[in-house]
Amino acid sequence: MLLHIVARGRIGRGPESELVDRYLKRIGWPTRITELPDTGGKMPALDPATRIVMLDETGEMLGSRDFAGRLETWRDGGVRETRFLIGAADGFDDAQRKQADLLLSFGRATWPHLLARAMLAEQLWRATSILANHPYHREG
């Protein structure tokens, strides 16, 4: 299953970009990042077997094992792509939120977009490592 991050704004070069790259390179699943301008831009075409996850402050706060379980269920159910959307500064409106299969929150704090992207990359690495029984994740 493809893990596809679609983010508003450009990350450029810097420590945040290096951190995102570091985690995504560790993932054994196919990954892709698409950057769109803050407004406009063309969203990549959607395959019908795609799940949409929006990072949103109103979303569910899933633990790492629960997040991994959700990815596992989708993967094993034939989902070909899970697309993670990181919105512009004002986030998503209610109509956009209704299109999501999952609203995901990294807590009630507000995070800079570049840091949210790095946090998502790390959680994707953690989730795939959990599913592969890799010792990276420790709990308890």
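Let me start with helix α2, residues 64-76: at 1.5 Å a residue its 13 residues should span 18 Å, and its end C-alpha atoms are 18 Å apart, so the two agree. The expected span here is 1.5 Å times one less than the number of residues. Helices (H or I, at least four residues) and strands (E, at least two) are DSSP runs, numbered from the N terminus.

A word on the source. This is a predicted model, where local features need pLDDT of at least 70 and side-chain atom pairs count only at pLDDT 80 or more, while totals for chains, interfaces and linings use all residues. Residues are numbered from 1 along each chain as its sequence is written, and side-chain values use heavy atoms, with hydrogens and water left out.

Back to the helix. Which residues of α2 are buried? They are Ser64, Phe67, Ala68, Leu71 and Trp74. They cover an arc of only 125 degrees around the axis, which puts them on the same side of α2. That arc is taken from the directions from the helix axis to the C-beta atoms. On the other side of α2, Asp66, Thr73 and Asp76 are exposed. Buried means under 20% relative accessible area, exposed over 50%, and partly exposed in between, with a 1.4 Å probe and protein chains only.

What do the buried residues of α2 pack against? Their partners are the strands β1 (2-8), β3 (50-60), β4 (81-86) and β5 (102-104), plus helix α4 (113-131). Contact means heavy atoms within 4.5 Å. Just after α2, glycine 78 has a positive phi of about 95 degrees.

Now the sheet. Five strands form an open sheet in the order β2-β1-β4-β3-β5, with parallel pairing. At the edges are β2 (31-36) and β5, each pairing on one side only. Two strands pair if DSSP finds at least two bridges between them. Between β1 and β2, which run parallel, there are six bridges. One example: alanine 7 has glutamate 35 in β2 as its bridge partner. Helix α4 packs on the sheet, touching β1, β2, β3 and β4, and its direction makes about 170 degrees with that of β1. Axes are lines fitted to C-alpha atoms, for helices over the stretch in contact, and angles run from 0 to 180 degrees between N-to-C directions.

Last, the whole chain. The protein chain has four helices and five strands, in the pattern β-α-β-β-α-β-α-β-α along the sequence. Of its 140 residues, 42% are buried.
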